[in-house]
Amino acid sequence: MNKHHHLLLRGASSLTVSLCKRSGPTHLPPAGPLFPSSGAGGTTTAATIVSNFFSRHHHSTLTSPHHHLPKTARMSTTTPSPVDLIEQSKRLAAFQSVTAHLVPFPSRTRIGIGSGSTVIYVVEAITTLVPPTTLSTMTFYPTGAQSEQLIESAGLNLQYINKLPPGTLLDVCFDGADEVDPNLNLIKGGGACLWQEKIVATSSKKFVCVADFRKMSPALGTMWKKGIPIEVLPLAANRVLGELERMGSLGPKVRPGLPGKAGAVVTDNGMWIVDAPFRPLRVEGTSDKEKGEWQVDELADALIKIPGVAEIGLFYGKNGNQAGEGGAQKPVEAYFGMEDGSVKVLSA
Ligand SMILES: O=C(CO)[C@H](O)[C@H](O)COP(=O)(O)O
C-alpha cells in the first residue's frame, strides 16, 4: 500500500498545492536504460528552469532516487543518453501513477487511455501491475487512433467513449501533457488528439497526468513554445488565424503535415490544428489584453468562443475532486519523472 504524505505548500503567489510522497513502485521491471548516480544526467535548460521553478515555489524532490529500482540498477555507472533519460523518466512516472491510482485493482474498472509517447508506458505499467484475471474485467477507452491501436496491441478490452451510457463516468483516465503549470492547467494537443482527449478526460471521475521533467512549468507557454494547439474546422482556418492575431497570438499557424503528409495535419476528427503561441499565461489575476498578456481561464474562455474552433488544447477550470460528477478538464494529480530517477507529484 502506498504511503501518502501530503504537504501543503504555499507558493509565492499564494497558490496552494500539495505534493505527495509515495513509496515507489516495487514492481518496476529492470528493462530500459538506467539512471546514473546523482548528478550524472547532465544539466539541460529544461532541468534548470524546472529546478528554479521548484525552488521558487518551495517544492522539493520527495521521492528519493533509486529506492524503487532493483539493486543492479542502482549500481550502474552508465550515463544514459538524454533520450534514454527522458524515456526512463516517463516510464517511472507511469509506473508510479498506475500504482497510486489503480491499486488495489478493482474489477470492472473503466479506464481512459490518452495519446502520445508517455501513455505507452502507462499501458505497460497496467499490463505489468494488474493481475491478468482482474485485467480481463477492465475496459479501456481510447482518445484517438494511436491509443486505440495501443489498447488493442496490448490485448486489452477496447470500448469507445460514444458507448458510455449517459450519466456514467469512467473511473480514471491517464494521459500525457505538453506543459503543466503549478495550478495543474495543461497544454495538450502536441499529438493532435486534444479533442477526444478532452472528451475522455471530462468523462472520467478523475484524470491523472503522466509526464517527464520537461513538462513542468511556472507558466504555460514557457516550456512549450510551439503554441496552444487548437482544433479548427478547415474552412474556418483563416478566419480563426485572423482572430488569434487580433488577440495577441504571436504568429499562429496551421500545423503542417510534412514530412508525413503534404498539406495540413488532419486530426482523427477530420479537422485541422492551429498552433497559437501566446506570451506565458498568468496562473492568477486578470489579463492585460492590450499587451497580449492573458490569464489561463480568460484566454481559454475567449478561444473556445471563436467561430470555427472545435476544441482548444488548454485544459483548465475544475479538476475531478472539485467537479464531483465529471466534466473536469484538469488532472487531480500530475506525475513527473525526474532526471535523477525520482518522481515528483503535483496534487490538486
Ligand atoms: O496531448 C497530447 C496528444 O494530443 C499528448 O498527451 C501530449 O502531446 C504529450 O505527448 P508525449 O507523451 O508524447 O510527450
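**Ground rules.** I number residues from 1 along the chain as its sequence is written, and side-chain values use heavy atoms, with hydrogens and water left out. The model is predicted, so I take local features only at pLDDT of at least 70 and side-chain atom pairs only at pLDDT 80 or more, while totals for chains, interfaces and linings use all residues.

**Overall.** I looked up the secondary structure and found 10 helices and 15 strands. Helices (H or I, at least four residues) and strands (E, at least two) are DSSP runs, numbered from the N terminus. The chain has 348 residues, and 53% of them count as buried. Buried means under 20% relative accessible area, exposed over 50%, partly exposed in between, with a 1.4 Å probe and protein chains only. The accessible surface is about 14900 Å², and carbon and sulfur atoms hold 55% of it. Areas come from the Shrake-Rupley method with a 1.4 Å probe; for residues, only the protein chains shown count as cover. I then checked contacts (heavy atoms within 4.5 Å). Among those between residues at least 6 apart in sequence, 72% join residues at least 24 apart.

**Cores.** The largest nonpolar core has 32 residues. Such a core is a set of buried Ala, Val, Leu, Ile, Met, Phe, Trp, Tyr and Cys residues joined through side-chain atoms within 4.5 Å. L102, I113, I126, F140 and F174 touch the most other members. Elements giving two or more residues to this core include α3 (82-102), α4 (118-129) and β5 (172-175). Apart from it I found another core, of 26 residues, among them L220, A237, F278 and I312. I followed F174 and listed its contacts beyond four places in sequence; among them are L102, I113, V119 and V208.

**Helix α9.** Which residues of α9 (296-303) are buried? They are V296, L299, A300 and L303. An α-helix has 3.6 residues a turn, so residues three or four places apart point the same way. The buried residues pack against β9 (228-232), α8 (237-246), β12 (309-312) and β13 (314-315). Q295 caps the N-terminal end of α9, with a side-chain oxygen 3.0 Å from the backbone nitrogen of D297.

**Ligand.** I counted 17 residues around the ligand, each with a heavy atom within 4 Å of it. S117, T118, D178, G189 and K215 come nearest. A side-chain N or O atom of D178 lies 2.6 Å from a ligand oxygen. A polar side-chain atom of D175 lies 3.4 Å from a ligand oxygen. On its own the ligand has 370 Å² of accessible area, and the protein covers 91% of that.

L186 sits in strand β7 (186-187). L186 is buried, at 0% relative accessible area. Its contacts beyond four places in sequence include E179, C209 and L220. S217 is in the loop between β8 and β9. Buried or exposed? S217 is buried, at 0% relative accessibility. The side chain of S217 reaches the backbone oxygen of A219 at 2.8 Å.

Technical notes
A polar contact is a pair of N or O atoms within 3.5 Å; within protein, one must be able to donate a hydrogen and the other to accept it, and residues adjacent in sequence count only if both atoms are side-chain atoms.
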